[in-house]
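Take a look at the structure first.

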Amino acid sequence: MRASELFCPTLREVPSEAEVVSHQLLVRAGFIRKTTAGVYTYLPLGFRVIKKIEEIVREEMNRAGAQELLMPIIQPAELWQKSGRWDIYGDEMFRLTDRHDRYFALGPTHEEIITAIVDGDVHSYRDLPLLLYQIQNKYRDEIRPRFGLMRGREFIMKDLYSFDTDEEGLEISYKKMYEAYTRIYDRLNLKYRVVEADPGAIGGNESHEFMVLANNGESQIVYCDNCDYSANVEKAPCMAEEMQETDEEIHDLEKIHTPGQKTIQDIAERFAIPRRRQVKTLIYWADGELVAVCLRGDRELNEIKLKNILKCNQLFMADEQLVKQSCGAGVGSLGPVGMDLKVYVDLEVPAMKNFTCGANEDDYHFMNVNMGRDFVPEGVVDIRNAVEGDQCPVCRQGCLKTARGIEVGHIFKLGTKYSQAMGATFLDKNGQEKPMVMGCYGIGISRTMAAAVEQNNDENGIIWPLSIAPYQVIIIPVNNRKTEQMDTAEFIYKELRKRGIETIIDDRDERAGVKFKDADLIGIPIKITVGPKSLQANQVEVKKRWEDKVEMLDISTITEKVIDIINS
RNA sequence: CGGGGCGUAGCGCAGUUUGGGAGCGCGUCUGAUUUGGGAUCAGAAGGCCGCAGGUUCAAAUCCUGUCGCCCCGACCA
């Protein structure tokens, strides 16, 4: 490609709306442009990267025995009503009507469609297992699209759906996908971790997320420094901290006046009681019932764990007014002692001696509270977020570390949830009708592009991994009015193209600095500079985007050298 | 939806407090000189100041409404 003809509008300044580095660089380097909130146009270079990622995914899906198909984006409401998700999906689904006032959705995912298709045409165990996938735009009317491609309302996704006769079959399909995903992210050259995840609303039991590690990723993950355990914090179980049986004596309960002191921090400062010696109490609304949850003052509640424990559909923190009505005291003066609501305490609470908490009376707290003597909870449960330093729940030897990640892939065992709802059944060997056992496996293609940039950049711009770079090589004649430079550049350009190497020649009548800056910004992995100094020796300069080193090489060896780099 | 902020030239912004000339930098176009890390000089083009209504002799500026965008929270690949 000739830079003079390439549509790649680079920007010198950082667009004001871009917050994270991947968004800034993709816009600045001329890969994407926003069309409206959460919806982007992929310019030529951006589209090339997308296609490269898609191709790697496609190859690995096919290698795993899957078949690609294409499903509609516009989907009729009836299908969604059949699965029961028309109502559940809520505002996140883009909905539209046709001229006859019939309802449709812009597909946020395709379980309904694929299950209906398979239901229609697969009836025998002989036709299973079946692995079908699609790569296409999906739509979710996100509450808050953000971070450019990271969380869009229109995004490109690969989704594969597996259909098996039984759990064992599902296990095999799941494993296949797990391995395929590992190969994919290895080939994409991204640093990632596979973590245990909460399946969430999609249903099913087992689930793994593929997280590209990045400092401003949206997900928090924990991993063990001793074994290979890792999980999303949402999921990571917490152990009750080794109870150091202190000889501490149990003191008498004491009520203290604490006017205006509403936070753990207030009490910590006023009475010199460390946060870990206090208990905080949160009131939650769970499908209509209010419950109180208690945990150590320095801990964070994990709402997903709580939701799973309470087995409720809707869960949110009660507002001030609701708290006041039901507890007789405001937020900040609550505690388990004398609490009318059901009280759930975190695993750590039973071990705490003589702790401090609210007295369920405004401006009063209790000191020297002890579980058992002063109150009896409804349950002792794991409801806190794991934090750095916690004991590993698997090997029990190591300590948990934390990291942030971008969720680029997610695989689920769905079981028979959708096949039952949609009536996707088959006849087994004995002529018995059974629901198919399903799994679904997603990869955010456009998000992966953002994740790659998030992980591979420096102060000058993007550093594409060779496997997904829009072009592998850029040739820069320092001064294209010097014919010997241009001729050499053109010669190398032809040679490389002959060998099938994707190459840009920067034939623009620009100063060298401009070309260098643009080349770095758009992140082409291999840069070949043709300048007067090296030309005298019949050489050109070769530099890898991810290294500082510049190599001087004979023009005659350049093609082989480039091929070496690409294959290494 | 709750909280915060912003809409002025393609991009980044000043001007709005205290009403009266629509400006700056980058980019774009023309010409000249330049040509190894975002050149210099000279000239030029480019604006429903988000939109609608109101106040006023006069509105980018004040008032009302509305639309859009960004950030923080709940949601998620």
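Which atom of Ala37 lies 3.1 Å from a phosphate oxygen of RNA strand B? A backbone N or O atom of Ala37 does, as a polar contact (a pair of N or O atoms within 3.5 Å). This is a predicted model, where local features need pLDDT of at least 70, side-chain atom pairs count only at pLDDT 80 or more, and totals for chains, interfaces and linings use all residues. Residues are numbered from 1 along each chain as written, chains are lettered from A and ligands numbered from 1 in written order, and side-chain values use heavy atoms, leaving out hydrogens and water.

**RNA strand B**
- An N or O atom in the Arg447 side chain is 2.7 Å from a sugar or linking oxygen of RNA strand B.
- A base oxygen of RNA strand B has a backbone N or O atom of Gly531 at 3.5 Å.
- Helix α13 gives the largest share of the surface near RNA strand B, eight residues; helices here are DSSP runs (H or I, at least four residues).

**Helix packing**
- α2 (residues 44–63) and α11 (residues 445–455) pack at about 110°, axes 9 Å apart, with axes fitted to C-alpha atoms over the stretch in contact and angles running from 0 to 180 degrees between N-to-C directions.
- α2 and α11 are therefore roughly perpendicular (65 to 115 degrees).
- α1 (residues 21–28) packs against α11 at about 100°, axes 8 Å apart.

How values were computed:
Helix = DSSP H or I, 4+ residues; strand = E, 2+ residues; numbered from the N terminus. Parallel < 35°, antiparallel > 145°, perpendicular 65-115°, else oblique. Polar contact = N/O pair within 3.5 Å; in protein donor to acceptor, adjacent residues only side chain to side chain.
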